[in-house]
Amino acid sequence: GNRFHPYGQRQGKGAGMRRTGPTMSIKVQPVPWGYTNDQLAEFFAPYGDVESAVVNMGTPTYGYVNFKSTEAAASCIAMGKVEINGETCVISAGRKGPGGAQPDGGPTNGIGLFNLPFTTTEDELQTMLQAYTGFTRLKMVYMKNTQEFRGYAFAYFDSVDNATTAKDLLQGLVLGANTVDVKYAYESNDKPQA
């Protein structure tokens with residue numbers, strides 16, 4: 001079925017339940033003229049598993065990309081913009097639940113660290129995070145094909161309180177020349193990975 005139609009989110013049974021739920025889709029605007037759904041899906045494939053992509057021809061032309069995980073969508077939204085065919089395209093959350101959903105989905109027991117230098121190693125982050133109470137595990141995010149570090153990681157804690165404390169303390173952290181952007185992670189530690 002075409003359940004990802006960009007105008008279809010108002011019907012659908014679960015619409016009200018996703019009020020503060022994180023988004024798994026992003027909006028990309030503008031999309032270069034003549035760009036196809038497949039090209040858009042292919043462009044964002046390195047950032048995570050793409051479920052589908054839709055280009056809407058208009059002024060400007062824009063597109064939606066639906067991911068299979070909230071982490072992939074969150075990382076693209078955190079980047080803010082990408083360059084496609086030499087054009088700067090702005091990325092925003094594709095679908096917000098009714099009732100002014102929080103941009104980062106509310107407190108969870110995990111935090112996302114975005115805008116990390118690409119030279120950051122797992123050991124460096126692990127050592128830094130072990131200083132925080134309740135830290136349980138780290139998940140670095142790499143490009144699928146090349147295994148290059150994508151510049152963001154997720155840290156999980158044994159409770160929402162400990163994650164919140166660490167998030168507050170890490171806010172504004174500078175690594176190398178980068179100011180790290182800290183947000184709540186969208187997937188809790190105990191959720192089985194698909």
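Helix H2 is followed by Gly80, and the phi of Gly80 is positive, near 85 degrees. This is a predicted model.

H2 spans residues 70–79. The helix is mostly covered, with seven of its ten residues buried. Which residues of H2 are buried? They are Thr70, Glu71, Ala72, Ala73, Ala74, Ser75 and Cys76. Cys76 has 0% relative accessibility, so Cys76 counts as buried. Glu71 is at 6% relative accessibility, and therefore counts as buried too.

Next comes the sheet. Strands of a sheet pair through backbone hydrogen bonds, and the pairing can be parallel or antiparallel. Here, five strands form an open sheet with antiparallel pairing. Their order is S2-S3-S1-S5-S4. S2 and strand S4 (81–84) stand at the edges. Each of these two has a single partner strand, so one side of each is left without a neighbour in the sheet. From one strand to the next, the twist averages 25 degrees.

S4 runs antiparallel to strand S5 (residues 87–93), and four bridges join the two. Ile84 stands opposite Glu87 in S5. 

Two helices pack on this sheet. H1 touches strand S1 (25–29), S2, strand S3 (62–67), S4 and S5. The direction of H1 makes about 135 degrees with that of S2. H2 also packs on the sheet, touching S1, S3, S4 and S5. The direction of H2 makes about 125 degrees with that of S5.

Now to the charged side chains. Side chains of opposite charge can pair when their charged atoms come close. How many salt bridges does the count give? The count comes to three salt bridges.

Take Asp49 and Lys144. They form a salt bridge, and their closest N and O atoms are 2.4 Å apart. Asp49 lies in the loop between helix H1 (37–44) and strand S2 (50–56), while Lys144 lies in the loop between strand S7 (135–142) and strand S8 (149–157), so the pair ties together parts that are 95 residues apart in sequence. Are these two residues buried, exposed or partly exposed? Asp49 is partly exposed, with a relative accessible area of 39%. Lys144 is partly exposed as well, with a relative accessible area of 46%.

The side chains of Glu71 and Lys139 meet at 2.7 Å, N to O. Why does this pair link separate parts of the chain? Glu71 lies in helix H2 and Lys139 in strand S7, so the pair ties together parts that are 68 residues apart in sequence. The two ends have their own surroundings. Glu71 counts as buried, whereas Lys139, at 22% relative accessibility, counts as partly exposed.

Lys183 and Asp181 also form a salt bridge, with the closest N and O atoms 2.6 Å apart. Lys183 counts as partly exposed, at 24% relative accessibility. Asp181 counts as partly exposed at 28%.

Last, the cysteines. How many disulfides does the count give? The count comes to zero disulfides. Cys89 has a relative accessible area of 0%, so Cys89 is buried. Cys76, in H2, is likewise at 0% relative accessibility.

Key. Residues are numbered from 1 along each chain as its sequence is written. This is a predicted model: local features need pLDDT of at least 70, side-chain atom pairs count only at pLDDT 80 or more; totals for chains, interfaces and linings use all residues. Side-chain values use heavy atoms; hydrogens and water are left out. Buried means under 20% relative accessible area, exposed over 50%, partly exposed in between (1.4 Å probe, protein chains only). A disulfide is a pair of cysteine sulfur atoms within 2.5 Å. A salt bridge is a side-chain nitrogen of Lys or Arg within 4 Å of a carboxyl oxygen of Asp or Glu. Two strands pair if DSSP finds at least two bridges between them. Axes are lines fitted to C-alpha atoms, for helices over the stretch in contact, and angles run from 0 to 180 degrees between N-to-C directions. Contact means heavy atoms within 4.5 Å.
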